[in-house]
Every structure is written in C-alpha cells, then in structure tokens.
Amino acid sequence: MTVNPTPFVGTEEEKQRIANAVPKQAPAQPKKARKLLVTSLNIRDGEPRKGHAAIPYGNLALELMGKQTGAFEPVFDNDIDMFLPQNLQQFDAVFFNNTVGVLFEDAERQQALMDFVTGGKGLVGIHAAGATFCQYPRYDQWPAFGEMLGGYENGGHPWGIDDTITIRVEDRSSALTRMFQEEDFDIQDEVFQFKDHYSREKLHVLLRINTDKTDTGPNRRILPDRRADMDLAMSWIRQHGQGRVFYSSFGHNPKLYWDERILQHFLAGTQYALGDLAADATPSAPLKP
C-alpha cells in the first residue's frame, strides 16, 4: 500500500469512530488478491487544487477496510501516470474518491481507462466523481466517461450536508443494499443531480431519494429534467462492456464515514466492481409518475 496522499486530518475521536464502523468482514470472498487504485485528484483550470474535506475520511475508511476485510489492497496515488496502460494493468478496479475536474486530457490515458473497464475491470465513483472529466460551465470534455459512469452532475446541489433527505431502497434484494434494513431511511448529505448521460435504460438503480418524504420545493432548484420525473438516484451499478461500474452520490459529508451502513454499501459496491460480488445490473424500469 502506498503512502496516502491526503493524510487524515480529523480528530482522534473521528478516526476511532471510522475504525469502529469499518466492516470486519467482506460480503464476498475475493476470487484472488485484489489491487485497487484510489485517486482523489482535484483539478481546476488545469491545476491541482484542494479537494473535498471528506477525502481523507474516505481514504482512511478504505485503508482500514482493506486491512480488516482482506477484500482488496488499496493503492493511493494521485499521479496521472498511473493511468498509463503499463501502470493501470496491475489493478482490478479504480476508485475515484471525490475526484473533480478534468484529470487528464491526453488520448493515451483516456483510452487506457476506457479499455481497462470495457475489458473486464471495475470503476467506482464516490460523490464528486460525477463531476469528473467535466468542468463548469462545460460538461462535455470527455462524454465517454460520463456515459461509462452513468451520468454527469450538471445541476448543482438541491440539498446540502445539513439537509435531511429520505432515501428509498429501490432494489431491496441486491447484495449491495442488504445493509439497509428499512425501505426508507433518513440521512444528511449533499446531493448531486444528473442530466447528461443519465438514463434508467443504462443503470440499475439501488438507492434514490424518496421525493414524497423529502422537501422538493422550488427553493431546491431541481433540474427541469429531474423535476419532470422526480428520478434522483443516489447509488447505481451498471455493466460497461465486460466491466462493472458502481457509483454513489453519498460521500460529501465526513460524518458518513462512520455510518456503518454506508461503509458496508461502499464495500459491497467496490467488491461488485472488482468482480467478487455478484449483483443484478439489469437496467431499472422508469419511475411511475
């Protein structure tokens, strides 16, 4: 495991709470030793910048998760040369932990990442990964990535980390949602909404916002596309070529990294992307109006 490029900066109490919440056992036995590339790179106008405050919390959770469950060995590295074909091939999946912006624009690295996933490997995106390889006010720098991930965030945040939202567990039979005991649960986190490339014809939705139990008033600035169908997914999986993709909009609020359910959800999603946890990725039916 490499040295974490974003060392933990929280309190000792927070560190202990994360350690206590990390799953002690993986939901699936790895088919082989798994290696996970974790990047938290944030780029604006071509230059690195400080990213989300939750990044070191997420990295610590992944570090402890790998140690305690043996599900994967995390390799933390923000060097874009890790995406060169000869370097990327050593990994089983790539984990985008709150990445933001156009991380690289050269065709070789982009093609390597695309070939990596379509060829049978995995991609995990957490929260701001939905704003990766796009840069406000443009959202088309690399459309193929948005399609692979399942959507680009291009509508702001109707709810922030201090707002309570009600989550509906849409697929209660999935191995990726077994940790949620109730059909609906409340949580606080910033929410992305998606427009470009987002379609239930391509996604298997696991969790979504229950808009019947969540404030959706005009002050929430919900995109016209999403207000029309009230389809605000929070987690999904999909197959891309021979590979597997797991995305969750959760992960902006540092407090979620000591929520046992969320960490179990992230672990299950990561194991799905790695190819160790089977799950139905059949595209979801449209929401009924």
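**Entry 1: the model.** I am working with a predicted model.

Entry 2: I asked how many cavities of 30 Å³ or more the structure holds. I found 1. The largest cavity has about 40 Å³ of space. I then listed its lining: G58, A61, L62, M65, F95, N97, Y257 and F266. Which elements each supply at least two residues of that lining? They are helix 2 (55–69) and strand 5 (93–97). Helix 2 gives the most, with 4 residues. I also sorted the lining by class. It has 6 nonpolar and 2 polar residues, and no charged ones.

**Entry 3: the cores.** I turned to the largest nonpolar core, which has 54 residues. Which of them touch the most other members? I noted I18, I167, L176, F250 and Y257. Helix 7 gives the most to this core, with 8 residues. Another core of 38 residues lies apart from it, and F91, V102, A129 and L149 are among its members.

Setting aside neighbours within four places in sequence, I found it in contact with L206, I237, F246, H265, A268, G269, Y272, L277 and A279.

**Entry 4: T69.** I went back to helix 2, where T69 lies. Is T69 buried or exposed? Its relative accessible area is 17%, so I count T69 as buried, the cut-off being under 20%. The T69 side chain reaches the backbone oxygen of M65 at 2.7 Å. A polar atom of the T69 side chain lies 3.1 Å from the backbone nitrogen of A71. Not counting residues up to four places away in sequence, T69 touches P23, K24, Q25, A26 and L267.

**Entry 5: D259.** Where is D259 placed? I found it in the loop between strand 11 (243–248) and helix 7 (260–274). D259 has 15% relative accessibility, so it counts as buried. I looked for a partner for its side chain. The side chain of D259 makes a polar contact with the side chain of R261, at 2.8 Å. Leaving aside neighbours within four places in sequence, D259 is in contact with A21 and I187.

Notes:
Residues are numbered from 1 along each chain as its sequence is written. This is a predicted model: local features need pLDDT of at least 70, side-chain atom pairs count only at pLDDT 80 or more; totals for chains, interfaces and linings use all residues. Side-chain values use heavy atoms; hydrogens and water are left out. Buried means under 20% relative accessible area, exposed over 50%, partly exposed in between (1.4 Å probe, protein chains only). A polar contact is a pair of N or O atoms within 3.5 Å; within protein, one must be able to donate a hydrogen and the other to accept it, and residues adjacent in sequence count only if both atoms are side-chain atoms. Contact means heavy atoms within 4.5 Å. On a 1 Å grid over the protein atoms alone, a cavity is a set of points where a 1.4 Å probe fits but cannot get out, and a pocket is an open set with protein on both sides within 12 Å along at least five of seven lines; lining residues have an atom within 4 Å of a point. Grid points are joined across faces, edges and corners, and a volume is the space filled by probe spheres set on the points. Ala, Val, Leu, Ile, Met, Phe, Trp, Tyr, Cys and Pro count as nonpolar, Asp, Glu, Lys and Arg as charged, and the others, Gly among them, as polar. A nonpolar core is a set of buried Ala, Val, Leu, Ile, Met, Phe, Trp, Tyr and Cys residues joined through side-chain atoms within 4.5 Å.
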